[in-house]
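Good morning, and thank you for coming. I shall present one structure, and I ask you to keep it in view while I speak.

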Amino acid sequence: MTDSKNIIYINNKKVEVTNVYHDITLLDWLRNYHKITGTKEGCAEGDCGACSVIINKKNKEDSKPINSCLVRLGQVIGSNITTIEGLGCDKNPHPLQMAFSNEYASQCGYCTPGFIISGVSLINSGKVVNNDTINDAISGNLCRCTGYSPIIKAIKSVSNRKTKLKKIEIINKEKKVRFGNITYLKPNNLKELKDYLEVKSFQFIAGGTDLNLQRPIINEKESNIICLSFIKELNFIKKFKEKIVLGGAVTIENFLDSVRSKMPELIEILQRFGSPQIRNQGTIGGNLCTSSPIGDLAPLLMVLNSDINVFGKNGVKKTNIKNFFKGYRKNILKKDEIILSIEIPYPNKKNKMFSWKLSKRYDQDISTISLAINIQTQKNIIKEIQMAAGGVAATPKSLDKLCKSMLEKKLDDAIDFATENLDKFIQPISDLRGSSHYRLEAMKGLFRRLQICLRQDKESLSIMEV
Ligand SMILES: Cc1cc2nc3c(=O)[nH]c(=O)nc-3n(C[C@H](O)[C@H](O)[C@H](O)COP(=O)(O)OP(=O)(O)OC[C@H]3O[C@@H](n4cnc5c(N)ncnc54)[C@H](O)[C@@H]3O)c2cc1C
Ligand code: FES
Ligand code: FES
């Protein structure tokens, strides 16, 4: 049961949260407690987008779509949530709702509210609305019956109709939100975090896109969930001449935006990270801390020789990302340590970078394998090479030994060597995503892709290009 006054704004109306179980999602709260049922549940795991809502956490232009099935109510206290009902109604529909009707973009209608939330978010974002941006905007929304052409047509037809989402004065600044036996602690800075680290038992959460797949997310005996997303020292992006430094709670979407000009080679793989809804919520720190062998960021950060700054009770320590992972879903962090920031050196101007992800679908899927490469060749001889792969071992793997064997070799010889000897350097496991044999063969294919890119002097080669 809720002890203190906890406020959420739904479609600009102030609502007090009472009598909820600590684990309830925003989606269940909207539907079951407030009968706001335009927001639908499809998969409850972030895959279908039927539950999409727009969240506005601060009093500025930061309205973004997220999956309401993947956030716990305790994370979003104080935010303004816009649901489909907040965009328009029968008597006064939103232009995109009308466009869906005019373009026959809806059949059973189950997915439609989610698509409209994604479409409105794109139109409001100020981005150019074209096939590419629409495809990206709706990559986290599934429609099983209409087909996507009318949906895309509907969004295009109102591409200049920005909606003014009302800006409201968000006054709820509760730092402790208690639901049942569980307290959500929301430090605003590292000093406050340090005090909270003294509490007896806790679990960190950032975006929750990984943790919230667990139900329940916390053993009730643990009693505290520390939300990292509000800590100002974890929410910065600083660009220096030779590197970019990002706070651990920077979202994947903001990471993507920040590297567009300096590291365009990363755009494709970052844009294929989940969907806009996942990227708006998921963080860099969260991705590394899950320590998944198929997390998309680790291979990129490894070939760029990135450092991780770890914050704990005794201060800050720096470690190279290659030393961060310790075993399957294990890393070097102690229970009371967090990723404070990540320092990513820009690649040497003489080098070329490539990053490829193979998955069952192009969008909204996690990797079966991935490969990142940072390479310099002179007169067809490999002078510098760093490669790291996901999905080939219990942890993301830097292929240092293989790279060493390829140095100072002619490109063609080095690629032949790598493909012929790959099984001496990696021994991938078989699982539902792919067999060990498939992973080895697919990796060899990526080496051949590298060879083609370098031979043809290509800056990049999309995974969709042959
Ligand atoms: C539908 C869907 C699609 C996805 N697609 C992809 C994909 O394409 N590629 C990919 O790599 N991943 C993907 N993911 C996984 C997930 O979204 C990412 O790993 C995301 O970056 C996790 O970040 P988060 O902030 O949400 O982590 P959370 O869920 O908040 O936290 C994950 C873990 O890290 C800990 N933690 C979080 N931040 C910190 C910190 N700063 N310091 C210490 N500990 C911390 C938490 O305690 C928790 O144990 C997907 C997930 C879903 C549900
Ligand atoms: S219900 Fe499918 S993404 Fe939330
Ligand atoms: S209209 Fe039926 S699922 Fe999209």
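R72 sits in the loop that joins strand 4 (64–67) to strand 5 (80–82); strands are DSSP runs of E with at least two residues, helices are runs of H or I with at least four, and both are numbered from the N terminus. This is a predicted model, in which local features need pLDDT of at least 70 and side-chain atom pairs count only at pLDDT 80 or more, while totals for chains, interfaces and linings use all residues. Residues are numbered from 1 along each chain as its sequence is written, chains are lettered from A and ligands numbered from 1 in the order in which they are written, and side-chain values use heavy atoms, without hydrogens and water.

Is R72 buried or exposed? R72 is buried, because its relative accessible area is 1%; buried means under 20%, exposed over 50%, and partly exposed in between, with a 1.4 Å probe and protein chains only. Its side chain reaches the backbone oxygen of N212 at 2.8 Å. Beyond four places in sequence, the contacts of R72 (heavy atoms within 4.5 Å) include D23, Y184 and R215.

Let us turn to helix 6. In this helix, residues 148–157, the buried residues are P150, I151, I152, A154 and I155. They pack against helix 3 (95–102), helix 4 (112–125) and helix 5 (131–137).

Finally, the ligand. Ligand 1 is surrounded by 36 residues, each with a heavy atom within 4 Å of it. Helix 11 gives the largest share of this shell, five residues.

How values were computed: Polar contact = N/O pair within 3.5 Å; in protein donor to acceptor, adjacent residues only side chain to side chain.
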